[in-house]
Amino acid sequence: MRDSSVGVYVHVPFCERVCPYCDFAVVAARSLGRAREDGYVDAILLELERRMAVFGGRSLASLYLGGGTPSLLQPASVARIVAAVYAAFPPAAADRRVEVTLEVNPSTLERSRLPGFREAGVNRVSLGVQSFNDEVLRRLGRAHRGDEGRRSVSACREAGFDAVSLDLIFAAPAQTLPIFERDLAEAVAFEPEHVSTYELTIEAGTPFATAAARGQLAVPRDPDQQIERSLAMMGVAEARLEGAGFRRYELSSYARPGFESVHNRRYWQRRPVLGLGMGAFSTEPISPETPFGSRRANPRNLDAYLTGIAAGGLPEAGPVEVLDAKTARGEAVFLALRDVDGLDAERFAEEFGAPPRAFWDPAISSLVTEGLLEERAGSGDLRLTPRGRRVSDSVCECFV
Ligand code: SF4
């Protein structure tokens, strides 16, 4: 796919403490300390310089500081990163608004830093509220409680960012349907521009996986019951948020019109994203050698990342993954189906030489007949039906 823009993701791995369900690349750090923070930001900026050989000449569409807990950084550090990324990738037009998102964690948010983040160029904050219920937060092992979440949302609102996004978790231990409904109602009352709803998944190797294996998590043990519970919560989220004026523009994401996440959409549309920092992934632009794209990952170990940068190179977690046509086709469909706009059949045909029917004719016919997939007459564009969204995983399996 031809695309002359870039999204930049900066991973800030530090967290006050590591939540027992977390599978991200994180490092426990109660406070960063100036030298450690400067050292990490220096490494990010060196990596940026070295990645220009592949990403240079592109215009900036979005910058996302995620983690971990990027709000642990000082505003001056965020300003350094923002300035360097803008200098590396000047936006296409001077007046074009680039989405600059900072993930914020209620337990570590110092209100006094918020104006500094805004001055640094952050225009969107994504707040990891998860729930407003103290018992749910306690069982999740989160460092904050409901009141801190509420105060943080208010502080972000008052700081005047263009957009505030709230993350809510569902299917968590001890989280009943009425509790989740109250979480949704509270979230809506704060009038955010965007809400993401994530199902708790139990990742192998986490303390939650051990507790689940021992039957110590307060979630249904019967997988069918667990699925029923998740589907019920998903349905409630959709009804409550759409009723409040949000559009479910992606399976987990709801936005008021015009506030869809520019950065996250790049992943679903398979547009180039430069990932900087420990554990970050890059989706590289296509080239004659990689006509279907390639991906690379940085080491998930902080020392390995910093040492690799200090040695003058680009530390890699493993070999670059060069996508073949079959893998890229499958990914193009299942990522596009996450988005409410679905798959653009013409764009797909431009990239892969033939429309989706040429590769999955029987599967598309049967999914359409079952009422899980909608195929637009004439264009052949595909998208999930409301029923298809409820079983999106099994629909997507038909294309990989
Ligand atoms: S705050 Fe988020 S990134 Fe940090 S440990 Fe908890 S779940 Fe993981």
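Start with the ligand: the residues of its shell divide into seven nonpolar, two polar and two charged. In that sorting, Ala, Val, Leu, Ile, Met, Phe, Trp, Tyr, Cys and Pro count as nonpolar, Asp, Glu, Lys and Arg as charged, and the others, Gly among them, as polar.

Before you click on, a word on ground rules. This is a predicted model, where local features need pLDDT of at least 70 and side-chain atom pairs count only at pLDDT 80 or more, while totals for chains, interfaces and linings use all residues. Residues are numbered from 1 along each chain as its sequence is written, and side-chain values use heavy atoms, with hydrogens and water left out.

Now show the shell itself: Cys15, Arg17, Val18, Cys19, Tyr21, Cys22, Phe24, Val26, Gly68, Asn105 and Arg142 surround the ligand, each with a heavy atom within 4 Å of it.

Next, select threonine 69, in the loop between strand S4 (59-67) and helix H2 (75-88). Helices (H or I, at least four residues) and strands (E, at least two) are DSSP runs, numbered from the N terminus. Is threonine 69 buried or exposed? It counts as buried because its relative accessibility is 1%; the cut-offs are under 20% for buried, over 50% for exposed and partly exposed in between (1.4 Å probe, protein chains only). Threonine 69 touches Val12, Phe14, Cys15, Asn105 and Thr108, leaving aside residues up to four places away in sequence. Contact here means heavy atoms within 4.5 Å.

Jump to serine 230 in helix H8 (residues 223-243). Serine 230 counts as buried because its relative accessibility is 3%. Draw a distance from its side chain to that of glutamate 199 and you'll find a polar contact of 2.7 Å. (That term takes a pair of N or O atoms within 3.5 Å; within protein, one must be able to donate a hydrogen and the other to accept it, and residues adjacent in sequence count only if both atoms are side-chain atoms.)

Last stop: colour by domain. The assignment, automatic or from a database, gives domain 1 (5-267) and domain 2 (341-397). Their centres, taken over C-alpha atoms, are 30 Å apart. Seven residues of domain 1 are in contact with five of domain 2. Between them the domains bury about 540 Å², 45% of it on carbon and sulfur atoms; this is accessible area (1.4 Å probe) lost on being put together, summed over both. On the domain 1 side, pick Leu231, Arg248 and Leu251, which lose the most area to domain 2, together 65% of what that side buries.

Methods:
Buried area is the accessible area (1.4 Å probe) that two parts lose on being put together, summed over both.
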